[in-house]
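Please review the following briefing alongside the sequence and the coordinates.

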Amino acid sequence: EIDIYAKNVFAANRIVTECALAANEAMALYGMTHGIPLPFRGQEMDEVSDDEINMTPAGPCRSWLAIQKSRPSQISTNPLPHAGLGLDMYVQGSSPVRRYADLALHHQIKSHLRGEKLPFPANDSDDDLGDTAATVIGIARKAALVARQLERPANDYWLKEFLQRKGTETTQVVVLSGDRWKDNVYKLFIPNFGAIFS
């Protein structure tokens with residue numbers, strides 16, 4: 001049996017999320033201030049005109065418009081603005097148990113605080129065979145790409161399998177927009193599941 005449902009978001013979840021964002025922004029600011037090479041994450045967004053906003057219904061469709069205007073995130077040793085989060089700079093370091101790049105970031109900052117040699121220096125010279133900041137950034141980029149490549153198809157598969165098993169049972173959906181790349185294909189939002197798919 002397959003069961004899919006949207007997770008309830010409680011005030012405590014929102015507080016934890018906001019604290020993680022604040023901690024990540026603080027680490028980015030500390031790294032920039034002290035010249036510590038870190039995997040800074042940034043994201044640009046295309047401009048949204050007032051007409052586009054006014055023509056788009058409030059709620060999920062307008063949120064989807066913002067997602068559509070977001071460009072792919074970037075990772076660099078230089079601080080980058082993160083328009084999606086509304087921050088001047090950002091690093092991802094709040095999950096060192098789940099992500100190696102977060103663990104490396106912690107190691108980098110702790111070494112600086114202790115006055116020790118940085119484990120991931122900025123220079124990536126040919127004679128240095130050890131890990132560098134560029135190595136950590138490469139790992140972070142690959143991990144993000146692999147996570148997206150694995151997670152999206154798996155989620156789509158199980159959602160479609162769940163809906164097929166429901167048979168003729170009615171499911172409420174919101175049509176968010178047409179697909180940018182394919183004619184007669186639409187992005188759908190299923191509120192009961194918190195899912196978006198084509």
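Does Arg-14 count as buried, partly exposed or exposed? At 48% relative accessibility, Arg-14 counts as partly exposed, where buried means under 20% relative accessible area, exposed over 50%, and partly exposed in between (1.4 Å probe, protein chains only).

This is a predicted model, in which local features need pLDDT of at least 70, side-chain atom pairs count only at pLDDT 80 or more, and totals for chains, interfaces and linings use all residues. Residues are numbered from 1 along each chain as its sequence is written, and side-chain values use heavy atoms, with hydrogens and water left out.

**Overall architecture**

- The chain contains five helices and five strands; helices (H or I, at least four residues) and strands (E, at least two) are DSSP runs, numbered from the N terminus.
- Along the sequence, these elements follow the pattern α-β-α-α-β-α-α-β-β-β.
- Taken along the principal axes, the C-alpha atoms fill a box of roughly 65 × 45 × 40 Å.
- Of the 198 residues in the chain, 27% are buried.
- The chain exposes about 13300 Å², of which carbon and sulfur atoms supply 54%; accessible areas come from the Shrake-Rupley method with a 1.4 Å probe, and for residues only the protein chains shown count as cover.
- Among contacts (heavy atoms within 4.5 Å) between residues at least 6 apart in sequence, 58% join residues at least 24 apart.

**Salt bridges**

- A search of the whole structure finds seven salt bridges, each defined as a side-chain nitrogen of Lys or Arg within 4 Å of a carboxyl oxygen of Asp or Glu.
- Arg-14 pairs with Glu-18, with the closest N and O atoms 2.8 Å apart; the two residues are four apart in helix H1, so about one helical turn separates them.
- Glu-18 is partly exposed, at a relative accessible area of 36%.
- Arg-71 and Asp-46 meet in a salt bridge of 2.7 Å, N to O. Arg-71 lies in the loop between helix H3 (60-68) and strand S2 (74-76), and Asp-46 in the loop between strand S1 (40-42) and helix H2 (50-55), so the pair ties together parts 25 residues apart in sequence.
- Glu-44, Asp-46 and Arg-71 are linked in a network of salt bridges.
- Glu-161 and Arg-165 form a salt bridge at 2.9 Å between the closest N and O atoms, and both lie in helix H5 (residues 133-166). Glu-161 is buried at 16% relative accessible area, whereas Arg-165 is exposed at 55%.

- Asn-24, in helix H1 (residues 11-33), is buried with a relative accessible area of 1%. Not counting residues up to four places away in sequence, Asn-24 touches Tyr-90, Val-91, Gln-92, Gly-93 and Ser-94.
- Gln-108, in helix H4, is buried with a relative accessible area of 1%. Leaving aside neighbours within four places in sequence, the contacts of Gln-108 include Ile-36, Leu-118 and Phe-120.

**Surface and backbone**

- Tyr-100, Leu-103 and Ile-139 form a nonpolar surface patch with about 260 Å² of accessible area together. Patches are made of residues with over 30% relative accessible area and no salt bridge, like charges being joined within 9 Å and nonpolar side chains (Val, Leu, Ile, Met, Phe, Trp, Tyr) within 5 Å.
- Tyr-100 and Ile-139 are 39 residues apart in sequence and 8.0 Å apart in space, C-alpha to C-alpha.
- Asn-184, in the loop between strand S3 (174-178) and strand S4 (186-190), has a positive phi near 60°. Most residues other than glycine have a negative phi.
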